[in-house]
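Here's a quick walk through a fold, meant to be read with the model open on your screen. Have a look at it first, then read on.

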Amino acid sequence: MIRKISRLANTEAFRYLIIGGLTTLLSFGTYVMFCSGFGWSVTAANVTSIVISILFAYAANKAFVFRSVCGSVSGAALEFGKFISGRLFTMLLEVGGVFLFYNILGWDKVPAKVLTQAAVIVLNFIISKFFVFTDVRKGVNDAQRA
């Protein structure tokens with residue numbers, strides 16, 4: 001049983017869920033801090049918290065989830081650009097999904113947000129794994145990277 005738990009805890013998907021939870025906490029925490037603590041406007045606080053959380057998510061996903069190693073500055077810049085592009089894409093899907101479910105289909109705002117957020121989490125993982133953090137050393141698995 002302990003062996004199964006240990007194997008699960010060492011998977012990319014599990015590590016992604018942990019980092020995703022920390023990213024969400026960081027986003028909400030900085031949002032509240034900027035709004036309530038510093039008196040920023042909701043929009044300024046929201047944009048700043050999103051930028052901070054995306055930067056954190058990139059660094060944490062690179063180092064801990066996918067254990068990506070870039071051989072050059074240009075490789076790292078390309079990887080970072082792909083990460084940002086993927087996150088902008090899923091952000092648009094999230095905004096569009098909430099708009100569709102809430103404004104057009106008349107759902108309550110919470111289920112609309114939860115459903116789109118669940119889809120975005122899965123998409124972000126797929127984009128990160130197969131588009132962003134692609135290891136040039138084909139065939140190298142997690143255990144060999146560690």
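A crossing of two helices is called left-handed if the near helix is turned anticlockwise from the far one by less than a right angle, and right-handed if it is turned clockwise. Keep that in mind for the helix pairs below. Also bear in mind that this is a predicted model.

**The overall picture**

What does the secondary structure come to? The protein has six helices and zero strands. Going along the sequence, the pattern reads α-α-α-α-α-α. Taken along the principal axes, the C-alpha atoms fill a box of roughly 45 × 40 × 30 Å.

**How the helices pack**

Two packed helices are described by the angle between their axes and the distance between the axes.

| Helix pair | Angle | Axis distance |
|---|---|---|
| Helix 2 and helix 3 | about 155° | 8 Å |
| Helix 4 and helix 5 | roughly 160° | within 9 Å |
| Helix 2 and helix 5 | about 125° | 11 Å |

Let's start with helix 2 and helix 3. Their axes pack at about 155°, and angles over 145 degrees count as roughly antiparallel, so helix 2 and helix 3 are roughly antiparallel to each other. Helix 2 passes helix 3 in a right-handed crossing. In the contact between this pair you'll find 15 nonpolar, eight polar and two charged residues.

Now for helix 4 and helix 5. The axes of helix 4 and helix 5 cross at roughly 160°, and this pair is therefore roughly antiparallel. The crossing of helix 4 over helix 5 is right-handed. The residues of this contact split into 13 nonpolar, seven polar and six charged.

What about helix 2 (residues 12-37) and helix 5 (residues 109-132)? These two pack at about 125° with their axes 11 Å apart, which makes helix 2 oblique to helix 5. Which hand does the crossing of helix 2 and helix 5 have? It is right-handed. If you want to find the contact on screen, pick out Glu12, Ala13 and Tyr16 in helix 2, which meet Ile121, Asn124, Phe125 and Lys129 in helix 5. By class, the residues of this contact are four nonpolar, one polar and two charged.

**The largest pocket**

Rolling a probe the size of a water molecule over the atoms shows where empty space is left. The largest pocket here has a volume of about 970 Å³. Its lining is made up of 28 residues, and those nearest the centre of the pocket are Ser27, Ile50, Glu94, Lys113 and Gln117. Which elements give two or more residues to this lining? They are helix 2, helix 3, helix 4 and helix 5. Helix 2 supplies the largest share of the lining, with ten residues. Sorted by class, the pocket lining has 13 nonpolar, twelve polar and three charged residues.

**A backbone detail**

One last stop: Arg67, which sits in the loop between helix 3 (42-65) and helix 4 (73-104). Most residues other than glycine have a negative phi. In Arg67, phi is near 50°, a positive value in a residue other than glycine.

Conventions: Residues numbered from 1 in each chain as written. Predicted model: local features only at pLDDT ≥ 70, side-chain atom pairs only at ≥ 80, totals over all residues. Heavy atoms only, no water. Helix = DSSP H or I, 4+ residues; strand = E, 2+ residues; numbered from the N terminus. Axes fitted to C-alpha atoms, helices over the stretch in contact; angles between N-to-C directions. Parallel < 35°, antiparallel > 145°, perpendicular 65-115°, else oblique. Contact = heavy atoms within 4.5 Å. Nonpolar A, V, L, I, M, F, W, Y, C, P; charged D, E, K, R; others polar. 1 Å grid on protein atoms, 1.4 Å probe; cavity = no way out; pocket = protein on both sides within 12 Å on 5 of 7 lines; lining within 4 Å. Points joined across faces, edges and corners; volume = space filled by probe spheres on them.
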